[in-house]
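Biologist: Hi! Could you walk me through this protein and its ligand?
Modeller: Happy to, let me put it on the screen.

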Amino acid sequence: MTRPGSVTVRAPAKINLELRVGAPRPDGFHELATVFQALSLADDVSVSLTGGSIDDGVEVTLDGTQVDGVPTDERNLAVRAVLLLAERTGVSDGVRLHLRKHIPVAGGMAGGSADAAAALLAADLVWQTGLTREQLRALAAELGSDVPFALLGGTAIGTGRGEQLTAAMCRGTYHWVIALSDRGLSTPAVFAEADRLRAGRVLPEPRVSERLMAALRSGNAAALGAHLVNDLQPAACSLRPGLLQTLEVGDECGALGALVSGSGPTVAFLAADSEQALDIATALGTSAVADQVVRVTGPAHGARVVEGAWPTS
Ligand code: ATP
């Protein structure tokens, strides 16, 4: 069987429907309990053989709507993913990467993690490493806490640093309006601000709420909207007070719920249907509180091949 010279994998953005953050651990990470949902907003990563050696370096090209601030050297998580895979499997064939980016950069939607997951899967197929799914998942967890979820997709509970996943039952399709800001928020800075705001408090062990899980199981969007929660929201709003105004627009439009996504500054609004989603998007546009507004649905697939697949008989 000949192998494909190029494979393109699409991987989704995520939002955290619930994000519970515990006290900082000795290793500097925080214990988390979170519910991820993958969205119909995705990046495509193409991995192509160059005919040269991996030691020559990995060239990265970019296109799409969200490319500002994306590094094209080894700081890029997709590059780190292919280099890690090469190191662990001993392959030496050179590859180049092309990223088609639509997930906002530093928006708390795990765009870099999606690219890492997509690059890992695409490089694995191009190189035919023979790794098992579990081995790939372990490499994904080494690359970052959100990378395993980008591989899995759907709706899932994450514990530990967020990398230990359990798929969650979720009925129906949810309509989200996402308000984006051109200026990102640094994830470490938001965690540090959360620690500062909560200093001296005894924090409970983080757990996801049974009510939110019940809402997802029954496909009850109104109940889901009422239970959206993010422990990092006060910290994100403290660093970026304008987020409070953005959140208010959701209230004014009767959104079922709204929250800052992950470490922000992206804000997600849950709408009852596609019509209300359009109303919320229009209100956000008119009030000029967001730099960009997108309408998406969830849950969506995890990383999957969109080009370059071949029969596996
Ligand atoms: P998370 O939700 O996991 O906290 P995020 O969505 O807030 O992440 P990313 O878009 O993943 O943030 O990127 C954060 C930073 O990582 C960027 O500012 C950029 O410098 C760097 N980066 C590295 N690789 C990538 C990539 N493939 N795409 C975007 N940013 C990347």
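**A chat about the ligand and its surroundings**

Biologist: So where does the ligand sit?
Modeller: It sits in the largest pocket. Keep in mind as we go that this is a predicted model.

Biologist: Which elements give two or more residues to the shell around the ligand?
Modeller: Those are β4, residues 93-101, and α2, residues 111-127. The largest share comes from α2, with four residues.

Biologist: How many residues surround the ligand, and which are the closest?
Modeller: There are 23 residues around the ligand, and the closest are A106, G108, A110, G112 and D146.

Biologist: And how does that shell split by class?
Modeller: It has nine nonpolar residues, nine polar ones and five charged ones.

Biologist: What about G108, how far is its backbone from the ligand?
Modeller: A backbone N or O atom of G108 is 2.8 Å away from an oxygen atom of the ligand. M109 also has a polar backbone atom that lies 3.2 Å from a ligand oxygen. For G111, a polar backbone atom and an oxygen of the ligand are 3.4 Å apart.

Biologist: How much of the ligand's accessible area does the protein cover?
Modeller: On its own the ligand has 610 Å² of accessible area, and the protein covers 78% of that.

Biologist: Let's zoom out. How many helices and strands are there?
Modeller: The protein has ten helices and twelve strands. Its radius of gyration is 19 Å, close to the 20 Å that the globule rule gives for 313 residues, so the protein is as compact as a globular protein of that length.

Biologist: And what does the C-alpha trace span along its principal axes?
Modeller: About 55 × 45 × 35 Å.

Biologist: New topic: where is T129?
Modeller: T129 is in the loop between α2 and α3, the latter being residues 133-143.

Biologist: What does the side chain of T129 contact?
Modeller: It makes a polar contact with the side chain of D124, at 2.3 Å. The T129 side chain also reaches the backbone nitrogen of L131, at 3.2 Å.

Biologist: Last one, about prolines. Is the peptide bond from G264 to P265 cis or trans?
Modeller: That bond is cis, with omega near 5°. P265 belongs to the loop between β9 (257-260) and β10 (267-271).

Biologist: And what about the bond from G298 to P299, cis or trans?
Modeller: The G298 to P299 bond is cis too, with omega near 0°. Look for P299 in the loop between β11 (292-298) and β12 (304-307).

Key
Residues numbered from 1 in each chain as written. Predicted model: local features only at pLDDT ≥ 70, side-chain atom pairs only at ≥ 80, totals over all residues. Heavy atoms only, no water. Near = heavy atom within 4 Å. Polar contact = N/O pair within 3.5 Å; in protein donor to acceptor, adjacent residues only side chain to side chain. Areas by Shrake-Rupley, 256 points an atom, 1.4 Å probe, with all protein chains shown as cover. 1 Å grid on protein atoms, 1.4 Å probe; cavity = no way out; pocket = protein on both sides within 12 Å on 5 of 7 lines; lining within 4 Å. Sits in = over half its atoms within 2 Å of the grid points. Nonpolar A, V, L, I, M, F, W, Y, C, P; charged D, E, K, R; others polar. Rg over C-alpha atoms; globule rule 2.2 N^0.38 Å.
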